[in-house]
Amino acid sequence: MTAVTFNFTDLVTKLESAVQYSMGFVAAVEQERLSFNTKLGEVIKTMLERYIDSQASLSPERLHHMYEWGQAGDPSARLFDFNMVATVTHITLDGSFRQSTSIPPSGGPPFENKASVMESGASITITPKDSGVIAFDVDGETVFTSSEVFIEHPGGPEVSGAFRETVEGFLRGYAKSEVILPIFRSMATPQEFKRYFPSGVKGGGYATGLIAGREYMRIKGGLNVE
Amino acid sequence: MLSETIEPIHVVNRYLWDELKKRMSPTEITKYNYGNIMPIFPVNDSTSGDAKWINRPYFVYTQAFRVTHGLHVLKKATFVYSLKSNVNDFMGWASALQDILDRQDDAAADINEYNWSLGNGSLYCPVIFHSFRVYQNEPAKPSSSVSTPSVSATFMVVAEYHLV
């Protein structure tokens with residue numbers, strides 16, 4: 001008669017290790033969510049800023065208002081900022097406008113709220129100071145007037161809402177398709193969990209699960225914007 | 001003596017222009033008498049801003065950014081092309097750009113072959129392309145920067161490649 005024996009002690013040990021391994025993996029994913037979102041948010045912010053700069057260089061008639069006078073597309077002359085805030089569940093990009101400090105081409109004081117006024121599409125009325133005159137260009141000729149001047153589209157008709165459209169278009173189009181979806185697709189199958197599982201069960205347990213989880217939450221291959 | 005480094009984008013631009021000439025009807029190209037000029041200009045190129053281009057379709061391009069993945073050799077460059085055109089020609093040129101480049105690995109294979117043909121048996125530019133994708137994030141816009149009615153639109157061209 002053949003005797004069959006079962007080593008339940010070993011089985012129980014392995015099951016316990018597997019459970020510990022899984023708990024370690026989940027714990028690492030929770031721990032790493034904030035740094036994952038922070039890295040992703042920073043990459044998207046950098047891409048967005050570079051995209052706006054390139055758009056402004058190619059089509060200054062649409063985005064010149066987001067830069068100091070005559071410097072459309074120059075990163076050092078931006079009149080916008082994005083503040084990126086990442087939490088474990090959200091990435092938020094808040095845009096704000098800087099005040100212009102450069103002298104307009106027609107002279108006079110800086111048009112401080114150039115970016116926000118032109119982006120909003122608001123019309124403006126310029127009144128001469130101290131009964132003086134206003135000088136401005138019309139088709140290349142300098143014109144002087146002592147009357148109020150009404151400008152329906154400061155910065156030209158294309159600038160109104162162009163910054164918002166550029167940002168939204170980038171986030172809905174390129175960023176979604178080219179950055180966010182590929183990363184999430186690569187995370188849909190947690191290969192790292194499978195790869196480390198044998199060593200986790202063999203005694204690595206919780207600590208091995210942590211290693212696997214951290215590797216899973218790293219953006220594959222890294223992601224650097226030049 | 002000035003020497004110019006051949007960048008991957010130069011191969012893409014030459015391919016794009018040759019394909020545009022092949023795909024569009026001859027009159028669409030010859031009516032504008034481009035001569036030997038390839039109407040795909042780097043940003044701030046003085047010839048692109050000259051008044052003689054008013055009403056003729058042309059592209060202006062720049063590289064927005066490049067994404068690298070750690071130690072991987074594969075690079076992903078994002079080029080931005082702005083098409084500026086009269087109203088009548090705009091749709092034909094915009095569609096052609098997307099038809100030519102938005103074909104992922106098929107476009108890459110064709111451009112690699114083109115790169116070999118330019119080099120007469122070796123690579124004209126030491127690059128192997130893997131994929132191309134094109135995004136138009138925003139609709140075309142009428143432009144008031146010139147006196148005749150014109151339209152402009154921006155396309156993001158994502159090229160994956162490695163240098164050899």
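In this predicted model, the contact between the two chains draws on 27 residues from chain A and 31 residues from chain B. Together, chain A and chain B bury about 2400 Å² between them. Of that area, 50% lies on carbon and sulfur atoms.

Specific interactions can be picked out across this contact. Between chain A and chain B, the count of salt bridges is 5. One of them joins A:R62 to B:E138, where the closest N and O atoms are 3.1 Å apart. Polar contacts are also found across the interface of chain A and chain B, in 12 residue pairs, with both residues at pLDDT 80 or more.

Which elements of chain A each supply at least two residues of the side that touches chain B? They are the helices α1 (8–58), α2 (60–63) and α4 (162–187), together with the strand β7 (224–225). The element that gives the most to this side is α4(A), with 8 residues. Sorted by class, the side of chain A that touches chain B holds 8 nonpolar, 11 polar and 8 charged residues.

The strand β7(A) has a further part in the meeting of the two chains. It pairs with strand β2 of chain B, which covers residues 58–68. This pairing is antiparallel and extends over 2 bridges. Within β2(B), the residue B:T68 is the bridge partner of A:N224.

Why is chain A described as more spread out than a compact globule? For 226 residues the globule rule gives 17 Å, whereas the radius of gyration of chain A is 29 Å, well over that value, so the chain is more spread out than a compact globule. The dimensions of the chain can be stated as well: along its principal axes, the C-alpha trace of chain A spans about 115 × 30 × 25 Å.

Key:
Residues are numbered from 1 along each chain as its sequence is written. Chains are lettered from A and ligands numbered from 1 in the order in which they are written. This is a predicted model: local features need pLDDT of at least 70, side-chain atom pairs count only at pLDDT 80 or more; totals for chains, interfaces and linings use all residues. Side-chain values use heavy atoms; hydrogens and water are left out. Contact means heavy atoms within 4.5 Å. Buried area is the accessible area (1.4 Å probe) that two parts lose on being put together, summed over both. A salt bridge is a side-chain nitrogen of Lys or Arg within 4 Å of a carboxyl oxygen of Asp or Glu. A polar contact is a pair of N or O atoms within 3.5 Å; within protein, one must be able to donate a hydrogen and the other to accept it, and residues adjacent in sequence count only if both atoms are side-chain atoms. Helices (H or I, at least four residues) and strands (E, at least two) are DSSP runs, numbered from the N terminus. Ala, Val, Leu, Ile, Met, Phe, Trp, Tyr, Cys and Pro count as nonpolar, Asp, Glu, Lys and Arg as charged, and the others, Gly among them, as polar. Two strands pair if DSSP finds at least two bridges between them. The radius of gyration is taken over C-alpha atoms; the globule rule is 2.2 Å times the number of residues to the power 0.38.
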